[in-house]
Amino acid sequence: MRFDVTEIEFDFDDWYALNWDNPMTPDEARAITAIGKGIWDASDEDDLIEKITELSGWCIKSIDYKSMEDSNTLNNMKGATL
């Protein structure tokens, strides 16, 4: 199953609590957030969250995504075909 992650927020609270003297820059936070956005292949919603968490190294606070089960949607995306 494919998912299109349109919005994601990671839980950076622990970082700020433990590293108050070395804060994360906005550019670093944006780069980490960009990792989670886009098209993902996962078996279900739980697998999606696990894959993003594993790749980014951060827990997810909130996520918005669209399930892309419809083959017409997949075929019309950026010229991709199945």
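## F10 and its surroundings

Leaving aside neighbours within four places in sequence, F10 is in contact with I32, T33, G36, I52, S56, W58, C59, I60 and K61; contact means heavy atoms within 4.5 Å. F10 also belongs to one aromatic cluster together with F12 and W58.

The model is predicted: local features need pLDDT of at least 70, side-chain atom pairs count only at pLDDT 80 or more, and totals for chains, interfaces and linings use all residues. Residues are numbered from 1 along each chain as its sequence is written, and side-chain values use heavy atoms, with hydrogens and water left out.

## Overall layout

The protein chain has four helices and three strands. Here helices (H or I, at least four residues) and strands (E, at least two) are DSSP runs, numbered from the N terminus. Along the sequence the pattern is β-α-α-β-α-β-α.

Of the 82 residues of the protein chain, 26% count as buried. Buried means under 20% relative accessible area, exposed means over 50%, and partly exposed lies in between (1.4 Å probe, protein chains only). Among contacts in the protein chain with a separation of 6 or more, 68% come from residues 24 or more positions apart.

## The sheet

The three strands form an open sheet in the order β2-β1-β3, with antiparallel pairing. Strands β2 (38-41) and β3 (60-67) stand at the edges with a single partner strand each, so one side of each is left without a neighbour in the sheet. From one strand to the next, the twist averages 45°. Two strands count as paired if DSSP finds at least two bridges between them.

Strand β1 (residues 2-10) is joined to β2 by four bridges, and the two run antiparallel. Within β2, G38 stands opposite V5. The pairing of β1 with β3 is antiparallel too, over seven bridges; S62 in β3 is the bridge partner of E9.

Helix α2 lies across β1 and β2 and runs at about 155° to β1. For such angles, axes are lines fitted to C-alpha atoms, for helices over the stretch in contact, and the angles run from 0 to 180 degrees between N-to-C directions.

T33 is placed in α2 (residues 26-36). Its relative accessibility is 18%, so T33 counts as buried. Beyond neighbours within four places in sequence, T33 is in contact with I8, F10 and F12. The side chain of T33 also reaches the backbone oxygen of A29 at 2.9 Å. This is a polar contact, a pair of N or O atoms within 3.5 Å; within protein, one must be able to donate a hydrogen and the other to accept it, and residues adjacent in sequence count only if both atoms are side-chain atoms.

## The nonpolar core

The largest nonpolar core has 15 residues, and those with the most contacts inside it are V5, I8, F10, F12, L48, I52 and I63. At least two residues of this core come from each of β1, α2, α3 (45-56) and β3. Strand β1 gives the most, with four residues. A nonpolar core is a set of buried Ala, Val, Leu, Ile, Met, Phe, Trp, Tyr and Cys residues joined through side-chain atoms within 4.5 Å.

## Aromatic pairs

Three aromatic pairs are found in a search of the whole structure. The ring centres of F3 and Y65 are 5.4 Å apart and the planes stand at 85°, so this pair is edge-to-face. Because F3 lies in strand β1 and Y65 in strand β3, the pair ties together parts that are 62 residues apart in sequence. F3 counts as buried at 0% relative accessibility, while Y65 is partly exposed, with a relative accessible area of 30%.

F12 and W58 form an edge-to-face pair, 4.9 Å centre to centre with 80° between the planes. F12 lies in the loop between β1 and α1 (13-18) and W58 in the loop between α3 and β3, so the pair ties together parts that are 46 residues apart in sequence. Both F12 and W58 are buried. Rings of Phe, Tyr and Trp (its six-membered ring) pair if their centres lie within 6.5 Å; planes under 30 degrees apart count as stacked, over 60 as edge-to-face and the rest as tilted.

## D44 in a loop

D44 lies in the loop between β2 and α3 and counts as partly exposed at 32% relative accessibility. The side chain of D44 reaches the backbone nitrogen of D47 at 2.8 Å.
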